[in-house]
Amino acid sequence: MPITLGCPSCGKRFRARDESAGKRVKCPYCAEPVPVPTGDEQEQAQHDQAQQQAQQQRSPLDDDDGIGTVPTRQNPHPGGPTVASPTDWGADSPPPRPSPFPPVQNAPPGPAPVFPPVRAPSSPGFDPFPKLPPAAAPASAAASRSRESMTRLGGAAGRPLGTGVGSGPIGASSMGPAEPLAIPGWKKARRGMFWVLLGLFMLALPAFVGFAKAACVKGGVALPRGPGGDWVTIAGYVNTTDPNSVMLSKEELVNLAGYGVPVVLGGLFLSLGRLACGGVPRSSGAKGMFVLSGLATPFAVAALLAAAGCDKLAMREEYPYFRYAFLVLAAAAEFWFLAGLVSAGATLKRPQAARAVGLLGLVVAVAAAAATIGWMVYEKRFQPRPVTDAVRMYEQAALMVGWLLVLAAYWRAVRSTRGAISEYLETVEV
């Protein structure tokens, strides 16, 4: 059962999970650490609160401090005759009249006043106008500064991060804090980024295929060659004697298994993950970009497969169209997804996510320049002649390292945003 507690800094109440008992969690309103009481401490606090309420509900007549009682009549003339009272002949004494004043409550003792030392006018260093030491800043000032630092740019103070309906980057929501509406969307985005990371892992596998083949050739291991009918045969379509059948050699089947299968699976995981990331709250500004990226990714993968098929079937007129379609769709999908990562990180106030995306852009730019201009310069001026098996292995190693560096930077960008979402969900503790 969730534990309800109040923040001593901002005075607002929120709930924490049972497993957080005895620990410290951050207040979702001012981000100050708040200790979560255990079961015994919570029962003791409820007991003390009940006693305090009962003490406040007591009547002034129940107190024994003398207030509310009728003072005893004193004889104004001690030496004179004694005035008779009703109790002298057996009558009951009248009930005490209630006091019109509330019971006196002693104020808690405060700090002792500090006075400057008194000096004689003739003493050295005499100051006719002494100054008192500056008073300490109230505890609420630090809390107010903390709440101000956690407020969105242009937003209302006290609003937690990443909240949902109507609470955009600028302006305040009339509904107030909306963690229950925002948390399911952030959880969907976190699950979607897991599938994106899995897709990046699948896309890293083809980087080892070319290097492994070159290493086998250099080591004297013969690669499979010859017709692929001994391995794969699909009646009417692949490696048969039908007129429209596609003939694949063993080397092409190895390339299909090493390059095609990981690319298809990676594209599928990227598409599912990016569509799932589209479940983020609309106020984050990343919802539409994630959805557009998830829709463009499967079309980009389909265009890549169509271009590969046209190249195999010698369809030279159709090949450029699919090739350019793949380049445009892939670039658009990556741009939308990276822009969504930056927007989500900014909404959660995690600048490291934006820095990770910026580093990815730098790595991609350097890799693109090295793969185009750098490779052209290498072939013309620095490539050894003749090209031996060892040279081909080193070239494949360089390509493998470059591709893995790009994927590592991509992985870091996605992982930073996913970590920011996890940190936000752990902070709210709902």
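**Loops, rings and helix pairs**

Analyst: Asn239 is found in the loop between H4 and H5, where the helices (H or I, at least four residues) and strands (E, at least two) are DSSP runs numbered from the N terminus. This is a predicted model, in which local features need pLDDT of at least 70 and side-chain atom pairs count only at pLDDT 80 or more, while totals for chains, interfaces and linings use all residues. Residues are numbered from 1 along each chain as its sequence is written, and side-chain values use heavy atoms, with hydrogens and water left out.

User: OK, what is the phi of Asn239?

Analyst: Asn239 is not a glycine, yet its phi is positive, at about 55 degrees. For context, most residues other than glycine have a negative phi, and most peptide bonds are trans.

User: And is Asn239 buried or exposed?

Analyst: Asn239 has a relative accessible area of 9% and is therefore buried, where buried means under 20% relative accessible area, exposed over 50% and partly exposed in between, with a 1.4 Å probe and protein chains only.

User: What else sits in that loop between H4 and H5?

Analyst: Leu223 lies in the loop between helix H4 (206-218) and helix H5 (250-277), and with a relative accessible area of 25% Leu223 is partly exposed. Its C-alpha atom is separated by 7.5 Å from that of Lys213, 10 residues apart along the chain.

User: What about Lys349, where is that found?

Analyst: Lys349 is found in the loop between H7 and H8; although a residue other than glycine, Lys349 has a positive phi near 60 degrees. With a relative accessible area of 35%, Lys349 is partly exposed.

User: Which residues are joined by a cis peptide bond?

Analyst: Arg385 and Pro386 are joined by a cis peptide bond, with omega about -5 degrees, and Pro386 has its place in the loop between H8 and H9.

User: Switching to rings: how many aromatic pairs does the structure hold?

Analyst: The structure holds six aromatic pairs. Among them, the rings of Phe194 and Trp195 have their centres 5.7 Å apart and their planes at 70 degrees, so this pair is edge-to-face. Rings of Phe, Tyr and Trp (its six-membered ring) pair if their centres lie within 6.5 Å, and planes under 30 degrees apart count as stacked, over 60 as edge-to-face and the rest as tilted. Phe194 is partly exposed at a relative accessible area of 43%, and Trp195 also counts as partly exposed, at 35% relative accessibility.

User: How are Trp375 and Tyr378 arranged?

Analyst: Trp375 and Tyr378 form a tilted aromatic pair, with 5.4 Å centre to centre and 45 degrees between the planes. They are three residues apart in helix H8 (residues 351-382), which separates them by about one helical turn. An α-helix has 3.6 residues a turn, so residues three or four places apart point the same way. Trp375 is partly exposed at 27% relative accessibility, and Tyr378 is partly exposed at 21%.

User: Which residues form the aromatic cluster?

Analyst: Phe194, Trp195 and Phe269 form one aromatic cluster.

User: And what lies over the face of Phe337?

Analyst: Arg274 lies over the face of Phe337, at 4.7 Å from the ring centre; a charge sits over a ring if NZ of Lys or CZ of Arg is within 6 Å of the ring centre and within 35 degrees of the ring normal. Phe337 is one of the buried residues of H7, which also include Ala330, Leu338 and Leu341.

User: At what angle do H6 and H7 pack?

Analyst: H6 and helix H7 (residues 319-347) pack at an angle of about 155 degrees, with their axes 7 Å apart. Axes are lines fitted to C-alpha atoms, for helices over the stretch in contact, and angles run from 0 to 180 degrees between N-to-C directions. H6 and H7 are therefore roughly antiparallel, given that angles under 35 degrees count as roughly parallel, over 145 as roughly antiparallel, 65 to 115 as roughly perpendicular and the rest as oblique.

User: Where does Pro320 lie?

Analyst: Pro320 lies in helix H7 and, at 29% relative accessibility, counts as partly exposed. The C-alpha atoms of Pro320 and Ala307 are separated by 7.6 Å, the two residues being 13 residues apart along the chain, and Ala307 is among the buried residues of H6.

User: Last one, how do H8 and H9 pack?

Analyst: H8 and helix H9 (residues 389-428) pack at an angle of about 160 degrees with their axes 7 Å apart, and they are therefore roughly antiparallel to each other.
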